[in-house]
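The sequence and the structure are shown below.

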Amino acid sequence: MIDDLPGGLTARHLAEEDHARVLAVLDPWWGGLKGQAGALERALLLPRLYFQHFTTTSFLIERDGGQVAAFLVGFLSQTEPDAAYVHFVGVDPQLHGQGIGRALYRTFFALARSHGRRYVHCITSPQNTASQSFHARLGFTASTVKADYDGPGLDRVAFTLDLAADAIRPT
């Protein structure tokens with residue numbers, strides 16, 4: 001499924017049984033970003049329905065012992081027939097810089113292309129500068145901060161990648 005992973009890691013599609021395991025890594029991996037409010041916000045972004053209804057477009061990477069190493073939750077837009085959306089991505093901070101996030105995105109891009117999608121969209125919080133830098137390195141174009149995008153006080157930066165432009169930058 002994903003060929004270019006470091007040794008000891010395997011990839012597969014998400015399953016409903018992965019829900020609690022993925023929720024359990026959110027706080028440690030995000031290092032307390034935005035405190036308790038941020039922890040609640042992250043947990044609310046990943047309800048079980050993503051692990052039930054978007055499994056064929058979402059991925060989990062595990063260590064040999066079965067521990068969660070990374071994940072990507074994405075889907076094909078039902079409203080925009082030329083778009084796909086990356087909803088939530090996480091990589092164990094101990095594995096940052098090893099190409100795992102890039103491999104997840106490349107796999108999702110290939111899936112989106114295979115379904116005739118041209119654009120991939122995603123968002124992040126303005127405070128998550130690491131995410132903003134990562135998306136820029138992949139070739140995404142960022143918006144200015146969109147105030148109250150997800151509700152009062154929930155500002156976001158939106159990203160778009162044109163798959164037809166083959167903008168995915170080399171490692």
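The model is a predicted one.

**The sheet**

Seven strands make up an open sheet with mixed pairing, in the order E1-E2-E3-E4-E5-E7-E6. At its edges stand strand E1 (9-13) and strand E6 (141-142); each has a single partner strand, so one side of each is left without a neighbour in the sheet.

Strand E2 is mostly covered, as 4 of its 5 residues are buried.

Helix H1 (residues 19-30) touches E1, strand E2 (59-63), strand E3 (68-76) and strand E4 (83-91). The direction of H1 makes about 110 degrees with that of E3. Helix H5 (residues 129-138) also packs on the sheet, where its contacts are with strand E5 (119-124) and E7. Between the direction of H5 and that of E7 the angle is about 15 degrees.

**Helices on helices**

Two packed helices are described by the angle between their axes and the distance between the axes. The table gives these values for two pairs.

| Helix pair | Angle between axes | Axis distance |
|---|---|---|
| H1 and H2 (residues 35-44) | roughly 140 degrees | within 10 Å |
| H4 (residues 100-114) and H5 | about 55 degrees | 11 Å |

How do H1 and H2 stand to each other, and which residues bring them into contact? The crossing angle of roughly 140 degrees makes H1 oblique to H2. The crossing of H1 with H2 is right-handed. From H1, the residues Leu 23, Leu 26, Asp 27 and Trp 30 meet Ala 39, Arg 42 and Ala 43 of H2. Sorted by class, this contact holds 5 nonpolar and 2 charged residues, with no polar ones.

For the second pair, the angle of about 55 degrees means that H4 and H5 are therefore oblique to each other. Their crossing is right-handed. Helix H4 contributes Gly 101, Arg 102 and Tyr 105 to the contact, while H5 contributes Phe 134, His 135, Arg 137 and Leu 138. By class, the contact of H4 with H5 comprises 3 nonpolar, 2 polar and 2 charged residues.

**A residue in helix H3**

Gln 52 belongs to helix H3 (residues 49-53). Is Gln 52 buried, exposed or partly exposed? With a relative accessible area of 36%, Gln 52 is partly exposed, since that class lies between the limits of 20% for buried and 50% for exposed. Between Gln 52 and Ala 112 there is a separation of 60 residues in sequence and of 19 Å in space, taken from C-alpha to C-alpha.

Definitions and conventions: Residues numbered from 1 in each chain as written. Predicted model: local features only at pLDDT ≥ 70, side-chain atom pairs only at ≥ 80, totals over all residues. Heavy atoms only, no water. Pairing = 2+ DSSP bridges. Helix = DSSP H or I, 4+ residues; strand = E, 2+ residues; numbered from the N terminus. Contact = heavy atoms within 4.5 Å. Axes fitted to C-alpha atoms, helices over the stretch in contact; angles between N-to-C directions. Parallel < 35°, antiparallel > 145°, perpendicular 65-115°, else oblique. Left-handed = near helix turned anticlockwise from the far one by under 90°. Nonpolar A, V, L, I, M, F, W, Y, C, P; charged D, E, K, R; others polar. Buried < 20%, exposed > 50% of the residue type's maximum accessible area, 1.4 Å probe, protein only.
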